[in-house]
Each structure stands twice: as structure tokens, then as C-alpha cells.
Amino acid sequence: MASRAAARSFARSAASAARAPIASRVLAAAPRFAARAAAPAVFSSSIQQSRGIKTLNFGGSQEKVYERSDWPKEKLLDYFKNDTIAVLGYGPQGHGQGLNLRDNGLNVIVGVRKDGRSWKKAVAEGWVPGKNLFSIEEAADKGNIVFNLLSDAAQRDLWPTIKPYITPGKTLYFSHGFAITYKDQTHVEAPQGVDVVLCAPKGSGATLRTLFLEGKGLNSSIAVFQDVSGKAHERVVGLGVAIGSGYLYETTFEKEVYSDLVGERGILMGAINGLFRAQYDVLRAQGHSPSEAFNETVEEATQSLIPLIGAKGMDWMYANCSVTAQRGALDWHQKFYDASLPVFKDLYESVKNGSETKRALDKNSQPDYRESLELELEEIRGSEIWRAGETVRSLRPENNK
């Protein structure tokens, strides 16, 4: 019900905006934004732009943001014309970033275990053995910019193999602060004489690739851990644009991995899965059908409310749902906050003290990890909530052809 009211409000605003003059569209669609225009600077977007660099006000904090307009394709090709970018690993990030770099015209090669699953996938996608597809050692040797996009466990296990090829003058690039931040566990030390940088897309490699092909861009975080050349920051901004990023935000290796690990285990996947299960189980225990429980728990959230929150904000969502939903959500959100805050504090501390990473590395390094993972996924796949969801998804108009 809440989503239907909000969707109708959104549609009315959009239709009205299409008819209204540009100068009046924002005020016509959402009068409360007029008050924000007169509010203190904390609500404004104070912009100081120099080509593609902006200083923006994020809730009262000034941050630099870098955008692709400062790095058109011609500049990328000229800046990296003498470079060979070696992408080690062809998993989610290696796949997406490697293809985007190649499509941007840069000199990129891929390094994976010869004749393995990733090697065969790379060949199927146009990488040619001996030309731009090599073993990990060969690629690391040939590249002067080395993208270490292996899995976290593989970065630890293969670092002794890769390290001899990361020689002075090269750039070592990561998309996760994991290996460097938890060096006591991974033993990945930043080599002397080498720039060490990070560009972490805020999403999967598949999303990065899809948005790139659509002419869009995924936001990414950038960081410099070691700047020997004096150009590490400039180089990582260029590389961030070259892999398909839309905007680039500054961070550190440590902050990137802390926020990333907390996010994955929290809102992005772990917490959402737990909340879905809890609400679904309560509804089922009270006699609601699987379809009704799934629709009210997952379908309405993912197909209606969350996209609207992403597009318009939580305040807009509250203002444009039914008064019953509005009142209930406002009254209950604090209870959920109070219940979950201690869990998030524990989660952050486990990430910060390294116990979370130790557990992940130990588990992921076990020889039967893929088999045990499949058992865990099968348990989720076979649960009633997601079996019901499979049927609900099949009924969506776009899937019912």
C-alpha cells in the first residue's frame, strides 16, 4: 500500500514536472525543497569546479569529487600511451575492469592460471593467449601498471609469486584495501620504489561493465597508499575513469576496507537477508500465505520502495506514502535502530581488529570451500521464502513473455 501511494505521487510529480517550466519544476514537484533552498549551507551543494574536480558539501563536510569529464578518451589514450596494464585475475572485478580498459583502447593484458576456468572464460571473450592473455607471472612481468584483482585469499597465497615482478618504477593497483591493511595476515607489503594505489568500484564488476556499456558509470573510491613518482594520485584518477567509473571519491586503504566489509555483512547483504527472513517467518507463522509474505517482505521493497528511496530520498518516501504507513514507519524505525546499533558496533570492531578477516581468509582457503559454499547457497535457495520468490519473479510482466 505504501509503495502504491508513493508511486502515484512520483508519477504525478513527474507528469507535472514535464509540463512545467524548468525554473518552477522543483518547487512544483516538491514544495518542501523550497525551504531547503533557504536553509543553512548544510543542505546545499556548494560547488567549486575546475574541469572535472568538484568540492561538494556532503551533509556539512566538504569533499573533493573527481568526474570523468576531466579525462576524455583522447586524454586517457595519450596519458597511458606508453603503459601496459596487467590485470591479474579474471573474476568479477578483473573481468569488468579488464573489458572496460580494453574497450577504452588502452594497452591491457590479462594474467590468470593457464588453462583454468578463468583462462577459458577470457579466451571466450576475445583475449588471445600469447598476445594479451598470459600466466599470472608473465603478465606481472610485462605490465608496468599491475592490477592485483585476485581474490583476497589468492592475493595472500600468490604474493610470494607476484612480488618479484613488482619492481621499482611500477604502479601496483588494488580494488580493495584488504591485502595492504591486513598485511599481518596477508603478508602483502608495499614494495619499495613502487606507487601503490586503489580504485574500488561501489558495486560488482558485472554492474561496472553493464553501466559502462550503457554509457553510464559506477561511483568508485580512490586512495593512494604510497606515492613514489609524485603522480600516483593523478594516475589513479585516470585509471578510475578508464575502468568505467562515473565519479571518484577520496578515501584511504584502511577506511575503504573497513566500510566495505561492514557494508557487505550489514545493509548490503547480511542484514537485509536476516531482516527478510525474520519478517517472512513471522508472517508465515501467523497464517499468511507464502506469496503474500514474500510480496510484503521482498517484492514491494525491492521493486517499488527501495528504487524510490534511491531516486528521491527517505524523507521523500515518508512524505509520499499513506499516512498510516508514514506514522507506523516513523514510530517503529527507532526500535529497529536501537536493536541493530549494538550489532553494527560489534561488526565494525570485528572488522577493525582483524578477527573478521581472519575468519574469512581461513574459511575461503579451505580446499573444499567451493563445495561447502554450494551447500550454504543451496540452503538459501531451497528455503521457502526464495522458492516463493522464484514464482513471484516469474509473474512480473517483463518475465512473462
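E300 sits in helix α15, helices here being DSSP runs of H or I with at least four residues and strands being E runs of at least two, both numbered from the N terminus. At 13% relative accessibility, E300 counts as buried; the cut-offs are under 20% relative accessible area for buried, over 50% for exposed and partly exposed in between, with a 1.4 Å probe and protein chains only. The model is a predicted one, with local features needing pLDDT of at least 70, side-chain atom pairs counting only at pLDDT 80 or more, and totals for chains, interfaces and linings using all residues. Residues are numbered from 1 along each chain as its sequence is written, and side-chain values use heavy atoms, with hydrogens and water left out.

E296 is also found in helix α15, which spans residues 290-312. With 46% relative accessibility, E296 comes out as partly exposed. Setting aside residues up to four places away in sequence, E296 touches Q279 and L283, a contact being heavy atoms within 4.5 Å.

In the UniProt record, an unreviewed entry, the "binding site" annotation covers D260, E296 and E300; such annotations may be inferred rather than shown by experiment, and their positions follow the numbering used here, with shortened feature names. From this set, E296 and E300 turn up in the lining of the second largest pocket. A pocket, on a 1 Å grid over the protein atoms alone, is an open set of points with protein on both sides within 12 Å along at least five of seven lines, and lining residues have an atom within 4 Å of a point.

M269 lies in the loop between α13 (253-265) and α14 (270-285), and its 58% relative accessibility makes M269 exposed.

Helix α17 (residues 323-352) holds S350, which is buried at a relative accessible area of 14%. Beyond its neighbours within four places in sequence, S350 is in contact with S355 and E356.

As for the whole chain, there are 20 helices and eleven strands, and 39% of the 401 residues count as buried. Among contacts between residues at least 6 apart in sequence, 66% join residues at least 24 apart.

Note on methods
1 Å grid on protein atoms, 1.4 Å probe; cavity = no way out; pocket = protein on both sides within 12 Å on 5 of 7 lines; lining within 4 Å.
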